[in-house]
Amino acid sequence: MFETFIDKLRNSTYITLETTPSRSAQFAPTIEKIAALGLDKLVDGFSTTDNPLAKLKYNALFAAMKLQDRFGLPTLATMSMRDRNRIALQSDLLGANESNVRAILALTGDSAHYSDQPHAKGVFEGNSKLLLDIITTLNNGTDLAEQKLLAPVQEIYPFAVIDAYAKSAATLQKKMTKKVAHGAIAIISQPVYDLENARKLLDMMAEANRENNGNCVLVLGYFPITKLRTARFLDENVPGIFVPSSWVEALEAASLISPEEEYRVGFELSKTLFEELKALHPKIHIMTANQFELAKAILS
């Protein structure tokens, strides 16, 4: 399963869909919604998020296992440095490995300041590069203290993330290069809304690979926008994302006509962008905040 997944990542069209578990003891409703829409037939794999914004959700590793068991498609399980120290990270990776959860998206994680759990504290023993290093050591048959594992892991595939935009291109390049140096086989960008932006990221990835003699793949993040307030929020409040003024202006004009027109304009802009990105570089990670009907409309 994972060998085919990684081959598609490196040599073919590669489309994954993000899922966000809910604050619930059941992940089954999300799985059933995906099945009802037939989304498993339209993507190469899924991802699961790890308590984004430090808000309590169903566990990402267990969610990944359930998606894989139901659909037979690889799932990229997110792990952040916020909630675990290095012992817990290694322990979770070993347990997940036997359950065939072997693609890991390494994040530093959002601050516990945003949590819905009063008095929650972040661990943050290191940033995402430490998690990438942990995966490398486990793949080499030892733990982080260089103690040999009694039974080796099945290969773990480490993924990382990068901003889609920064005022300083040099700073963004440096971050990407470091993640390649720490063993990431693929780096997923924040959502991209401009082809020129996508081309610059591809150039940065090529340079990062040259500096490290690497073979890391850039995966373009994609988040469809169908509301003016979403476009404004992403552009003004989310670091690492740039929404062109043309999108904001088009949605603003449409919103003055009707909500339906606003949605239509946003969907058309988003659908066109998806097709353009796919033509440029068919490695795309779709994020829709669990709006799976929208994901199906974009993919159909």
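Residues are numbered from 1 along each chain as its sequence is written, and side-chain values use heavy atoms, with hydrogens and water left out. As the model is predicted, local features need pLDDT of at least 70 and side-chain atom pairs count only at pLDDT 80 or more, while totals for chains, interfaces and linings use all residues.

Across the whole structure, a search finds nine aromatic pairs; rings of Phe, Tyr and Trp (its six-membered ring) pair if their centres lie within 6.5 Å, and planes under 30 degrees apart count as stacked, over 60 as edge-to-face and the rest as tilted. One of these pairs joins Phe-5 and Tyr-14, whose ring centres are 5.1 Å apart and whose planes stand at 50°, so the pair is tilted. Phe-5 and Tyr-14 are both buried, where buried means under 20% relative accessible area, exposed over 50% and partly exposed in between (1.4 Å probe, protein chains only). Ring pairs also bring Phe-2, Phe-5, Tyr-14 and Tyr-157 together into a cluster.

Another pair is formed by Tyr-193 and Trp-247: with ring centres 5.3 Å apart and planes at 70°, the pair is edge-to-face. This pair links distant parts of the chain, since Tyr-193 sits in the loop between strand 6 (186-191) and helix 7 (195-212) and Trp-247 in helix 9 (residues 245-255), 54 residues apart. Helices (H or I, at least four residues) and strands (E, at least two) are DSSP runs, numbered from the N terminus. Both Tyr-193 and Trp-247 are buried.

Next come the helix contacts. Helix 4 (residues 86-98) packs against helix 5 (residues 128-139) at an angle of about 50°, with the axes 11 Å apart; axes are lines fitted to C-alpha atoms, for helices over the stretch in contact, and angles run from 0 to 180 degrees between N-to-C directions. That makes helix 4 oblique to helix 5, given that angles under 35 degrees count as roughly parallel, over 145 as roughly antiparallel, 65 to 115 as roughly perpendicular and the rest as oblique. On the helix 4 side, Arg-86, Leu-89, Gln-90, Leu-93 and Leu-94 meet Leu-130, Leu-131, Ile-134, Ile-135 and Leu-138 of helix 5, contact meaning heavy atoms within 4.5 Å. The residues of this contact divide into eight nonpolar, one polar and one charged; Ala, Val, Leu, Ile, Met, Phe, Trp, Tyr, Cys and Pro count as nonpolar, Asp, Glu, Lys and Arg as charged, and the others, Gly among them, as polar.

Helix 10 (residues 259-280) and helix 11 (residues 292-299) have axes that come within 10 Å and cross at roughly 55°, and the two helices are therefore oblique to each other. Here Tyr-263, Phe-267, Ser-270, Lys-271, Phe-274 and Glu-275 in helix 10 meet Leu-294, Ala-297, Ile-298 and Leu-299 in helix 11. By class, this contact has seven nonpolar, one polar and two charged residues.

Ser-128 lies in helix 5 and is buried, with a relative accessible area of 3%. Leaving aside neighbours within four places in sequence, Ser-128 is in contact with Met-81, Ala-106, Leu-107, Thr-108 and Lys-179. Lys-55, in the loop between strand 2 (45-48) and helix 3 (60-71), is partly exposed at a relative accessible area of 29%. Not counting residues up to four places away in sequence, Lys-55 touches Tyr-114 and Asp-116. The C-alpha atoms of Lys-55 and Tyr-114 are separated by 7.4 Å, although these residues are 59 residues apart along the chain.
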